[in-house]
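Biologist: I have a chain to go through with you. Please take one part and look at it closely.

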Amino acid sequence: MSRPITLTLLALTLVLPLRVLAQAGDLRAEIGKRDRAWEKAYNAGDAAGLTALYTKDAQVMAPGAETASGSSALQAYFTEDMKGGAKMALTLQDVVGFGDYALETGKYVATSAEGKHLDHGKFMSLYKKTDGVWKLYRDTWNSSMPPK
């Protein structure tokens, strides 16, 4: 193998992983921004704003409830869910991207409006890039608290 080809292959071997790492960091930051927008809408009781963070054909698979599919069902679910005034805090743990999809795993903590601990657990959210914007496509979570 000639020296220029060897040097080119070596350079690609060194640069490609850096590019992938940079993209992963960008994706993590973008999904983190989406989490903050989700918290802001939920904590404000803004069901319409929260629903806008999801694709039109999204599904929410909440514990103890039938799957809510589509914008109207999601907005109805969140309107009912937020009536109690609970506040949510999300912690992003991991994001894996693959094409126009990204899978996020994380933890949540729910507190009352007065700050009393209500629940905590984990979540998994599948994002889909739609018109250049990451939107929630599938969303599910479950409690880490023992059953009552």
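In what order do the elements of the chain run from the N terminus on? After that, please stay with the sheet and a few of its side chains.

Modeller: The order is α-α-β-β-α-β-β-β-β. That gives 3 helices and 6 strands. Both kinds of element are DSSP runs, numbered from the N terminus: helices are H or I with at least four residues, strands are E with at least two.

Some ground rules come before the detail. This is a predicted model, where local features need pLDDT of at least 70 and side-chain atom pairs count only at pLDDT 80 or more, while totals for chains, interfaces and linings use all residues. Residues are numbered from 1 along each chain as its sequence is written, and side-chain values use heavy atoms, with hydrogens and water left out.

Now the sheet. The 6 strands form an open sheet in the order β2-β1-β6-β5-β4-β3, with mixed pairing. Its edge strands are β2 (68-69) and β3 (87-98), each of which pairs on one side only. Two strands count as paired if DSSP finds at least two bridges between them. β1 and β2 run antiparallel and are joined by 2 bridges. Here Gln-59 stands opposite Ser-69 of β2, and Val-60 has Ala-68 as its bridge partner in that strand. Helix α3 (residues 71-81) packs on the sheet and touches β1, β2 and β6 (133-143). The direction of α3 makes about 50° with that of β1. Such axes are lines fitted to C-alpha atoms, for helices over the stretch in contact, and the angles run from 0 to 180 degrees between N-to-C directions.

The β1-β2 hairpin has 6 residues between its strands. Gly-64 takes a positive phi there, near 75°. With β6, β1 pairs in the parallel sense, over 4 bridges. One partner pair is Met-61 with Thr-140 of β6.

Next, a side chain of β1. Thr-55 sits in this strand, which covers residues 54-61. The side chains of Thr-55 and Asp-57 make a polar contact of 2.9 Å. A polar contact is a pair of N or O atoms within 3.5 Å; within protein, one must be able to donate a hydrogen and the other to accept it, and residues adjacent in sequence count only if both atoms are side-chain atoms. Not counting residues up to four places away in sequence, Thr-55 touches Ser-71, Lys-128, Thr-130, Lys-135, Leu-136 and Tyr-137. Contact here means heavy atoms within 4.5 Å.

Move to β4 (residues 101-111), which holds Glu-104. Glu-104 is buried, yet has no salt bridge. A salt bridge is a side-chain nitrogen of Lys or Arg within 4 Å of a carboxyl oxygen of Asp or Glu. For Glu-104, the nearest side chain of opposite charge is Arg-36, 6.9 Å away. Lys and Arg count as positive, Asp and Glu as negative; His and the chain ends are not counted. Glu-104 does have a polar contact with the side chain of Tyr-127, at 3.4 Å. Beyond four places in sequence, the contacts of Glu-104 include Ile-31, Asp-35, Leu-92 and Phe-123.

Where does Arg-36 find a partner? Arg-36 forms a salt bridge with Glu-39, with the closest N and O atoms 2.8 Å apart. Both lie in helix α1 (residues 3-43), 3 residues apart, about one turn of the helix. Glu-39 is buried at 14% relative accessible area, whereas Arg-36 is partly exposed at 39%. The count comes to 2 salt bridges. Glu-80 and Lys-83 also form one, at 3.0 Å between the closest N and O atoms. Lys-83 is exposed, at 61%.

Lys-87 belongs to it and is partly exposed, at 31%. A polar atom of the Lys-87 side chain lies 2.7 Å from the backbone oxygen of Asn-43.

For the whole chain, buried residues make up 31% of the 148 residues.

Conventions:
Buried < 20%, exposed > 50% of the residue type's maximum accessible area, 1.4 Å probe, protein only.
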